[in-house]
Amino acid sequence: MPAPDPTVPPRRGINAKTAVGVVFVASLFMSIMDTTIVNVALPSIGRQFGVDPAGVGIVNVGYLVSLAVFVPLSGWLGDRYGTRRVFLVSLSLFTVASLLCGAADSMAQLTTYRIFQGAAGGMLTPVGMTMLFRAFPQEERMRATRVLMLPTAVAPALGPVLGGWLVDGWSWHWVFIVNIPVGVAALVFGLLFLPDYRVERAGSFDAAGFLLSAAGFGLLMYALAEGAGQGWGSARILVSGVTGALALAALVVVELRRPEPMLDLRLLRDRIFRTMNLLSLFSGAAFLGMLYLFPLLMQDALGMDALHSGLMVFPEAIGVMIASQVAGRLYPRIGPRRILVVGATVVALCLAAMTAITPESNLWAVRGLMFVTGFAMSHVFMPSQTAAFATVPARATGAASTLYNAQRQLGSALGVAVLGTVLTAVGTVTVDFAGTPVANLAAYRAAFLVASGLALVAAVIALSVRDSDAAATMRKVPGPAAEPAEEALQDVPRGV
């Protein structure tokens, strides 16, 4: 069955780009915010169910492991059953799982429902990104990436703020219930307006690839999430980490031998796709690690509550949104290389400057530092995500999106794991001359320096980027006369 042209408005007169953008942004916002909003509610959840702080962390670990397991599966599901169908089913499951989490009356129930929620979230982002990049031609990819800045930048920062307000004013149940109206609205809009793409053949199911990727990503994500708390030398963490790494090594061997692998690792032969994935791994680890570390510093060293520490983070999101307009205009003129190098370098400098934060620091200066960090980070996020897919054939968009999102999940977990390990190794609490326990700022300084180092590695990687590889994404949007050429550039879409 031939695939409809994504530039043709779907039924009811809504353009395909608008339809995909609205549904994906709403869903991605809900999914990303869910990873940070729950953190604020964990103490309240632990108190209600009589679980200590170490035990209540399973609520997040189950979600992250499930997320990691289902990201690799998403590409094949989208190609086999159609991106529209898989996306809407995933959105439905995520919304229902959010309702069940909000209604849970035991830790076992909540953990189970979070696993379901993670499975749905693991498919939402890769499939949604595939739809978005199929709806936008190469020369409009920067516009598509700009669309993603809202959920990518605002959701992680808004999560702690909204979560603190909901937990303090209502109860922890509302951090899950808040997803329901967003999910229902996005689902209804998607059912009415999302375009449909189809292909002749999607390929057979790669059972070996799925089992190895599920074991590898799942166990490694568990080890990264729990290593700092349980200790990297504990038997459970060692076994999980080593087994996960071995499974991923076996996955590479198996997938490179299969003609139709679940994870098409051959795409990493593409120079700019490989470079941008590596750059995104380190920059994402630095950024998400900072978002984990900064609120802890605000609460432990400055004595803020969760709500006010979340508000201190929010200038970062404002910086990202403002910079998205600047980066979007610079990209077609000068290419991604210089933007990435400068952006990652400034992020590294800002993270290093955070080592100077003390209880005596001017809070407006700290907010300004967060704003600059977000402003610079936008100059990393947007060019890297746009350029990553510059030379990927349209038929491989689904597979490329799966790889990119698997790397991004590992990068996020890696950043939190590394910085959490630094905090544990140095010790977040010390005693003063009177023997009173106080926050140990040295631990936070060391962690911020490590985060700065991760961002600096990303800047070094950016030096190897070639603007010529991203030329397809730097062209000006063609007018009506150029539409036939644009159509020729668009390969047959892969997936429904």
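Visitor: At what angle do the axes of helix α13 and helix α16 cross?
Guide: Roughly 170 degrees. This is a predicted model, by the way. The two axes come within 8 Å. Here α13 covers residues 336–353 and α16 covers residues 441–462.

Visitor: So are α13 and α16 roughly parallel or antiparallel?
Guide: Roughly antiparallel, because the crossing of roughly 170 degrees falls in the class over 145.

Visitor: Which residues make the contact?
Guide: From α13, they include Arg337, Leu340, Val341, Ala344 and Leu351. From α16, Phe448, Ala451, Ser452, Ala455 and Ala462 are among them.

Visitor: Phe448, okay. What does Met354 touch?
Guide: Phe448 is one of its contacts. Met354 also touches Met290, Phe294, Leu369, Met370 and Thr373. That leaves out residues up to four places away in sequence.

Visitor: Switching to the core. Which residues touch the most other members of the largest nonpolar core?
Guide: Ile45, Phe87, Leu110, Met290, Phe294 and Met354. The core has 141 residues.

Visitor: And which helix gives the most to this core?
Guide: Helix α1, residues 16–49, with 14 residues.

Visitor: New topic: α9. What span should its 24 residues have?
Guide: At 1.5 Å a residue, α9 (residues 207–230) should span 34 Å. The end C-alpha atoms are 32 Å apart, which agrees.

Visitor: Where is the kink in α9 centred?
Guide: On Leu224. The kink is about 30 degrees.

Visitor: What follows α9?
Guide: Gly231. Its phi is positive, near 100 degrees.

Visitor: Staying with α9, is Phe217 buried or exposed?
Guide: Phe217 lies in α9. Its relative accessible area is 9%, so Phe217 counts as buried, the cut-off being under 20%.

Visitor: What is Phe217 in contact with?
Guide: Setting aside neighbours within four places in sequence, Phe217 contacts Ala68, Pro72, Leu248, Leu251, Leu263, Ala406 and Leu410. Take Ala406: the C-alpha atoms of Phe217 and Ala406 are separated by 8.4 Å. Along the chain, these two are 189 residues apart.

Visitor: Last one, Thr275. Where is its place?
Guide: In helix α11, residues 271–300.

Visitor: Buried or exposed, that Thr275?
Guide: Buried, because its relative accessible area is 11%, under 20%.

Visitor: What does Thr275 touch?
Guide: Ile461, Ser464 and Val465, not counting residues up to four places away in sequence.

Key:
Residues numbered from 1 in each chain as written. Predicted model: local features only at pLDDT ≥ 70, side-chain atom pairs only at ≥ 80, totals over all residues. Heavy atoms only, no water. Helix = DSSP H or I, 4+ residues; strand = E, 2+ residues; numbered from the N terminus. Expected span 1.5 Å × (residues − 1). Bend = angle between axes of the 7 residues up to and from the residue. Core = buried A, V, L, I, M, F, W, Y, C linked by side-chain atoms within 4.5 Å. Buried < 20%, exposed > 50% of the residue type's maximum accessible area, 1.4 Å probe, protein only. Contact = heavy atoms within 4.5 Å. Axes fitted to C-alpha atoms, helices over the stretch in contact; angles between N-to-C directions. Parallel < 35°, antiparallel > 145°, perpendicular 65-115°, else oblique.
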